[in-house]
Amino acid sequence: MPFVSFEDVTKIYHMGDIEVRALDGMNFGIEKGELAVVVGPSGAGKTTVLNILGGIDTPTSGKIQVGDTRIDQMNERQLTQYRRHNVGFVFQFYNLMPNLTALENVELASQICDNPMDAAEALDLVGLSDRLNNFPGQLSGGEQQRVAIARAIAKNPDLLLCDEPTGALDYETGKTVMELLQAESMRRGRTVVIITHNQAFCPVANRVISVHGGKAVKEDVNENPKSASTLVW
Amino acid sequence: MISMKSAFRKEVLRAVTGSFGRFLAIAAIVALGCGFYAGLRMTGPDMRYAGDQYLAGTHFYDLDVASTAGISDSMLDDIRDISGVEGVQATKSSDVMAQIGENQLAARVESMDFSEAENSEQDGVFSVSSDNNDYLNRPMLASGRWPTSDDECVISADRIMSTPVNLGDEVTLLYGDDNFDNTFQTKTLRVVGTIHSPEFMSSIGMGTTSLGDGTIEQIILVNPSVFSDSYPNTQAYVKVAGAQNSYSDSDAYDATIQPVQDALESKTDAWTDDLRQQFEDQVREQAQSQMEEQQQQALQQLTAQGLPLEQAQAALQTQMQTQQADVQAQIDAQVDSFNPDIYVLDRSHNYGVSSFKSDSERVDHIASIFPLVFFLVAALVSLTSMTRMVDSERPLIGTLKALGYTKRAITMKYVFYAALASCIGAAVGILTLTQFFPWTICRAYAIIYSVPQTPIPLPVDAGLAWLSAGLGIGITLLATWAAVRSTLRESPATLIVPKAPAPGKQIWLERFHKLWARMSFSWKVTWRNVFRYKRRMAMTVVGIAGCTALLLTGFGLHDAIWDIIDRQFGDILTYNVVVQTHDNLDDAALLGVRDQIQDTGDGTDIVAAYQRNMQASSPDHDAVSVVTYVPTENSDMSQAFSLRNHQTRQQISVDDNSVVLTEKAARSLGVSPGDTITIYDLNAIGDPVGDGMQLTVTDVAEYYVNNAVFVGEDAWRDATGDYAHTNTFFSKVTNDQEQRDTLTDDLHANTDVSTVSYIDETVDTYRTMLSSVNTIVVVLVVSAALLAFIVLYDITKINVEERRREIASLKVLGFVPREVDAYIFREIGILVLIGTILGLFLGIWLEGFVVTSAEVDYVMFSREIHALSYVWAILVTIGFAALVMFSMRGELKKVDMVESLKSVD
């Protein structure tokens, strides 16, 4: 039984009279500690996968399991608790609170969960121990994304979800971010799921799930993932 | 510009419907600001307008010629001959103590030709029409009918001081001045109707008199033949042609009146001479006939004794000559002491007219400062709302700019949007509130004045309406222009890139390291957010401060007014009945009254005193009327009046040499202990006479209703050369109603007693009178609520809109709804608290201002605001805030977490 499993998951949006099937029988599984990449073109349904897996949206039908819990049947309150304790989110546009320092942004997350990592320690892990008291406006994009990663991992989540984490970054900084995410899975055994349209990340992943038309069209397991530092795109 | 017109119009329309909440907020605050300003400013003029309509419609006199020696027919002819005089009405009047139903009170009896009333017609609320230009001061029948015989009368329907009078009640004229017995032919009348009279429009006082406690409490209109034939007309009311075409407050009115007034005044000397001549002729004639009669008798006596006629005449000749000289001397002495006074009085001498006018001016005064806070908040709301709107449309502005639209064209969209919102707001606010405020406030004053209410729609003063609309719209447009201008200065390239949220920075609070370190993480966030948007902080703080200030003013006003009753009638006046007697009674008579109070009424703490209505003045200040109290018969004044120093709370006793002035009088006269005041006796029309007497004030005492001066027995003797003679008793009598009724009946039966009044009845009167102020309290509270709602709604809305992304991120991070609410609302909560605290200070000032300007001449409002009022002001403000935040929780709930994934737009 994989750590994360999607079984026949559908998601139908109603836009006026038009019915949009964002997920149309999605099936895949991710083992614990794996770095998984969900890849596909725009409109393939990968963001919907992220939303549902992250507990910010609910499926129309199907079964989703994360660890021992079914999240497809959770109500809003349970989902909030799930996001609070089990999921770490890294956004494409960082979504840091502009009015909080780097340290405080991390604390914002760590203070609400049961078993947090020390905020300063989390920032140290992402190499920002000397920028603790800087506000997001005073940091570069890559630094901001690293703060966002620190914020996500400070919660000690079972699952780290990343939405185009390098999408707004240049090549070099993007690579640093990927190294950090790979380290999370490899060294600390955290399950990391990265949503991207960029095929270049596939070689560093343990598992690559290709989605198209709301379905997982291919699931590749990579026995020997490359180190993120060797990435070229 | 022209080519984009239709697209432009569509764009503006879409902006309105797209952000209806913001549009509404701007419109509402402008409506409140403009409406408050225009409405309050128009209330005073509206009141005066109604008064004017009433006076014009009832053909109220413009000038009143009053004479202490009567108005002769030749004087009336003279008056009629003056050019500009349109109508003249001669009236007999006399002040009496009257028994009406159960009550004994001071009343003015006036003659009236009821056939004129029968021939007139009431049309509209204000007007009584008649063909006769000489029919003035036309009363309106409120109930019953006009009298048809000499034993019938009508009385005022506007009394609130005493229990209601029923049709059919008997009126007995009891006594009056020295000439009372020669004044009336009929002294028992029956009430057949009640009236509203423009001459007596205030139900608090219908004028002053030397009888009773100095206030005329009722008017009795009777046929002229109720008065004796020998009793002359006392008044000639004069209507000036063309005067009613102009507003009675205007210069035009004064200009119309002035020539007639001058002409009348120029005649008073001649009239005085005529009256004196008439008097002299009359006296001489009387003396002559008396002398002739005596001579005739003497002659008869002499001839009866047998003396021949010629001898007798010769014998009397010398006697006659000496007698002639004596009589002449007597006549001269009488004529010398006969000094008729003739006054030419304008409307301002009418108690009702002048107090109505000063009440309306009091409203003007309040109106001058109140609306400021609304305009300030309107400016801030527009500024923040429009800034937010412009910020959210930066990419669009950038695109338009890149496409080559001019700054002016782009600015136009926002200016047009703001103009549309503020114009709608101004129009709605002005149209509704210029009706609502004057109507409500006039209605409150209708408890006191018989001036009919102008039916809605009330006239709207175009000048004021435009001024207020101009201010409201101008402020909004200026704020909008300022918001757009700063954005437009940026280049299209930077505009298309979304504006970064306001960057975080250290706040001054962090310099207090210890404090900051102790603060929990979420409080740090809150504090930083508080200082993140200065403009919004200002708007919230000012808006909430305004709300609290209005509430505190409302509650404080309520305190100020009800304290009068509690303090004056609870703490200060400790007696429960006042019995007034005639002046100069002998000791036995006074003892009789005292015994009645003691025996029939179980009266204790009886204080004998001399009471007199006078006027006090000091250099450089307007005179005030005062009631002078002098303890007599070694009474201890403190048994009836518990006087104390307002600040120190120290008791003040009225010793033999004390002169204790009450607080408001001292303030009006600008005197403090050690200063000297002069007090004067009053003549028939309430003007001071004589040289007055000098008194040196020894203490100033807390006192709320009426002005009074308490003069010690020796101090009074030193000033007047005479000991004061008892004419009043204060006492605490039984509370048993039955026993009281017996006491009242007994005292009324005693011909030495003039009035009996129980303090409970006075308290009730004041309660009724002051309850009108509650209306104003309600208006203030409602306005405060609206202000708070608009500001908080707007600020919360903007907060939520601008932080959708932050809110979405918080939700994704797993914040439970309560925590998300706290993130947004705690900050508003702090601003509300700051605003509330500032509002308390502002409120203390505003309340002081309103209380001082709302204060009536003879009443001192309490200056203290109760602790509970502060508590209520705070609680209600916070309550409003909580309500808004509670209702905005839905907005937060609606923020979709998926927004956190979107690109920054």
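Me: What share of the 905 residues of chain B count as buried?

Reply: In this predicted model, 54% of the 905 residues of chain B count as buried. Buried means under 20% relative accessible area, exposed means over 50%, and partly exposed is in between (1.4 Å probe, protein chains only).

Me: Good. Before I go on, what are the ground rules?

Reply: Residues are numbered from 1 along each chain as its sequence is written, while chains are lettered from A and ligands numbered from 1 in the order in which they are written. As the model is predicted, local features need pLDDT of at least 70 and side-chain atom pairs count only at pLDDT 80 or more, while totals for chains, interfaces and linings use all residues; side-chain values use heavy atoms, with hydrogens and water left out.

Me: Switching to charges: how many positive and negative side chains are in chain B?

Reply: There are 65 positive and 112 negative ones in chain B, and the centres of the two sets lie 30 Å apart. Lys and Arg count as positive and Asp and Glu as negative, leaving out His and the chain ends. Each charge is placed at NZ of Lys, CZ of Arg, CG of Asp or CD of Glu.

Me: How many salt bridges over all chains?

Reply: The structure holds 42. A salt bridge here is a side-chain nitrogen of Lys or Arg within 4 Å of a carboxyl oxygen of Asp or Glu.

Me: Which residues are linked in a network with Asp571(B)?

Reply: Asp563(B), Arg567(B), Arg644(B), Arg649(B), Glu702(B) and Glu864(B) are linked with Asp571(B) in a network of salt bridges. Within it, Asp571(B) and Arg644(B) meet at 3.9 Å, N to O. Asp571(B) lies in helix α16 (residues 534-572) and Arg644(B) in the loop between β16 (624-631) and β17 (659-662) of chain B, so the pair ties together parts 73 residues apart in sequence.

Me: Are those two buried or exposed?

Reply: Arg644(B) is buried, at 14% relative accessible area, and Asp571(B) is partly exposed, at 37%.

Me: What about Arg740(B) and Asp760(B)?

Reply: Their side chains form a salt bridge too, 3.2 Å from N to O. Arg740(B) is in helix α20 (residues 737-749) and Asp760(B) in helix α21 (residues 759-802) of chain B, so this pair joins parts 20 residues apart in sequence. Arg740(B) is buried at 4% relative accessibility, and Asp760(B) is partly exposed at 38%.

Me: Last one, chain A. Where is Ala148(A) found, and which residues is it in contact with?

Reply: Ala148(A) is in helix α5 (residues 141-153) of chain A, and Ala148(A) is buried, with a relative accessible area of 0%. Leaving aside neighbours within four places in sequence, Ala148(A) is in contact (heavy atoms within 4.5 Å) with Phe89(A), Val90(A), Tyr94(A) and Leu96(A).

Definitions and conventions. Helix = DSSP H or I, 4+ residues; strand = E, 2+ residues; numbered from the N terminus.
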